[in-house]
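Have a look at the sequence and the model first, then read on.

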Amino acid sequence: MEEKLRALTDRVNQLARAYYVEDAPQVSDGEYDALFDQLLELEKEAGYSLPDSPTRRVGGEPLTAFLPHTHLGRLWSLDKVRTKDDLLAWGERVERLLAAAGAPKQDYALEYKFDGLTINLTYENGRLVAGATRGNGVVGEAILPQIMTIRSLPLTIPFAGKMEVQGECYMRLSVLADFNAKATEPLKNARNAAAGALRNLDPQVTASRHLDCACYNVGYIEGKTLTDQAEMLAFLREQGFPVSDYTEYFSSIQAVYDAIVAAEGRRETLDFLIDGMVVKVRDFQARQILGSTDRFPRWAMAFKFAAEETTTVVEDVTWEVGRTGKLTPRAHLEPVELCGATIRHATLNNWDDIQRKRIGIGSRVFLRRSGDVIPEILGAVPGDQPQAPIQKPEHCPACGAHVEHRGVHLFCTNSLSCRPQIVARLAHFASREAMDIEGFSEKTANQMVEELGFSAIAELYTLTPQRLEGLSGFGPKRIENLLSAIQNSKTPALGAFIFAIGIPNVGAKTARDLARHFGTLEALRQAPLDALLQIQDVGEVVAMSIRDFFQDPFIAGQVDKLLEEGVSPQAETKPQRQSPLTGKTVVVTGTMERMDRKQIEALIETLGGKAAGSVSKKTSLVVAGPGAGSKLEKARELQIPVMDEAAFFAMVEEDI
Ligand SMILES: [Zn+2]
């Protein structure tokens, strides 16, 4: 038994390593899942799992609090420079100090400065026994269950001595984009996403963010001597730790600077955030000679790229009305330079956010910007004394209607004739992922409402050349182009139309899922909550948004008007014959004979069903073959119908 368990654990770990660390998958996701299920089954039989079992990574019960953790070795913070002169001055000082001590000239190691959260891992007897945040460098917070969910970090290593390894945890930008495509509350930036995930008491939340880690330092080690940075990184790699692809060594500080400039140039092409570069003296003996001040080691320096965080003063707050009537506070700031741009405005998210961040008029606040994201106010600086509180609006600043508090947001209750709402709805309706009306910008939407007095989206389809004449920027050519673009938009894909009408909480992807599932607009409009909840990724909030949206008589009228004007959404796939699988969510697990699992899943989709990867209350049917494990068990637990492969094919035989 032990042997079987060992072999299967090793196999799954090896595949996971190929996937997460080496980025070179050796099998399909389906095959991996099948092996993973087999391992779960075997562990259940055995009544235990090995210490390095990948099944331990899925995230256990939420913690009630983080406990303090004392690091074995101190985690230094680094001194920072931002200019070439300061960097060169540091290099000269290092070289002078070494020369004075009679040491030979030394190489520098240059690495990325990942913008994430620093963690400290403790290994003992080859096992990961503790994991903590950096904290103040001496004491951090214990977050081992959270850290264990990071697939690229080894749970066991060959080296048996006691050791601490430091790394920077981060979220890949591509992972963040995937996450946000499905999330109702998108995450603002990768750094906060990673830090928030690790400092979340619930390891399941951490697991759901698919974090990565780059290890860069052995802070403490017993039973082995490492002599320089290159040897240390090689040792970390050999032990199975994820290490950044980029480390370069230079013999002069000028060459280091040139490489920093080059790195800053390719910063935007990386799949992760870096906020600077770290330069270290390569040789450990030289580091000993240089020593440290009471705050920083003298042998390392962070070169920070152009500031992404600064402070400024909130001069005023105004409220802007979006297409759902949501009022978003906009902070007007004392102009400040950040990332090479002058920032005058920033978002404050919502009323509750203002309260939480304790911001008032005249507050000095931290401001952060990463990439092209809208600058965000992080909070008031410590000890801030605002001059006046920010007033909670009682009336819509655009139309004067009564304002309502729903959840954390404020809403204008006048969806009929509040102008900014109409402008925003029009612009959204015409946008690329929606009706894709070329040449129709937010500015055009504004002209339609302000100058032509539009009160409903459907009026777009009644536009004549005469009405457009005389609008600024509209010559004969532009009028012709716009009118033909509007005409051409009359047969949108159903998913695009569902997205275009702007149901709260329904993004482009969910809209496509809805279109595929229901086939027609009418079917979606009539769908009861239960039917909506059948769809993967549609939870209660989204389902209720959809239902409330279509039940609103004003909205129903607006949608009807569009249809009356000849807008005719097209089903994305040809309407299918009814099959026994129409509208069903099916999970296939275990080994299949007649076709492989991927082919069966494709068949399910062709027959109007949805193939899902995991069993939940939304699953209609589980097709189980030999070796089916936890999914089968879950299906039985939830009393979901289960059939074998033969029964499945007998059922669908007529339809294939
Ligand atoms: Zn209003």
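Strands here are DSSP runs of E with at least two residues, helices are runs of H or I with at least four, and both are numbered from the N terminus; two strands pair if DSSP finds at least two bridges between them.

**Reading the numbers**
- Residues are numbered from 1 along each chain as its sequence is written, side-chain values use heavy atoms, and hydrogens and water are left out.
- As the model is predicted, local features need pLDDT of at least 70 and side-chain atom pairs count only at pLDDT 80 or more, while totals for chains, interfaces and linings use all residues.

- Strands β10 (residues 274-281) and β11 (residues 300-304) run antiparallel and are joined by 5 bridges; M277 has F303 as its bridge partner in β11.

**The antiparallel sheet**
- Another open sheet has 4 strands in the order β5-β4-β7-β8, with antiparallel pairing.
- Its edges are β5 (127-133) and β8 (212-221); each has a single partner strand, so one side of each is without a neighbour in the sheet.
- From one strand to the next, the twist averages 25 degrees.
- β7 and β8 run antiparallel and share 8 bridges, and C169 finds its bridge partner in C213 of β8.
- Helix α8 packs on this sheet too, touching β7 and β8, and its direction makes about 115 degrees with that of β8.

- Which residues of helix α6 (residues 190-198) are buried? They are A190, A193, A194, A195, A197 and L198, where buried means under 20% relative accessible area, exposed over 50%, and partly exposed in between (1.4 Å probe, protein chains only).
- The cover over these residues includes β4 (117-124), α4 (144-148), β7 (163-170), α5 (173-182) and α7 (203-208), with contact taken as heavy atoms within 4.5 Å.

**Strands β12, β13 and β15**
- β12 (residues 309-321) pairs antiparallel with β15 (residues 364-368) over 5 bridges, and V313 stands opposite R364.
- β12 also pairs antiparallel with β13 (residues 326-338), over 7 bridges; here D316 stands opposite H332.
- The hairpin of β12 and β13 has 4 residues between its strands, and G325 takes a positive phi near 90 degrees.

**The zinc site**
- The zinc ion has C396, C399, C412 and C418 as its protein donors, each through SG, at 2.2 to 2.4 Å. Donors are N, O and S atoms within 2.8 Å of the metal (3.2 Å for Na, K and Ca); water is not among the atoms, so sites may look incomplete.
- Why is the arrangement tetrahedral? The 4 donor atoms subtend angles of 100 to 116 degrees around the zinc ion, which makes it so; the tetrahedral label requires four donors with all angles between 85 and 135 degrees.
- Along the chain, the donors follow the spacing C-x2-C-x12-C-x5-C.
- Both C396 and C418 are buried.

Definitions and conventions
Tetrahedral: all angles 85-135°; square planar, octahedral: opposite > 155°, others 65-115°. Axes fitted to C-alpha atoms, helices over the stretch in contact; angles between N-to-C directions.
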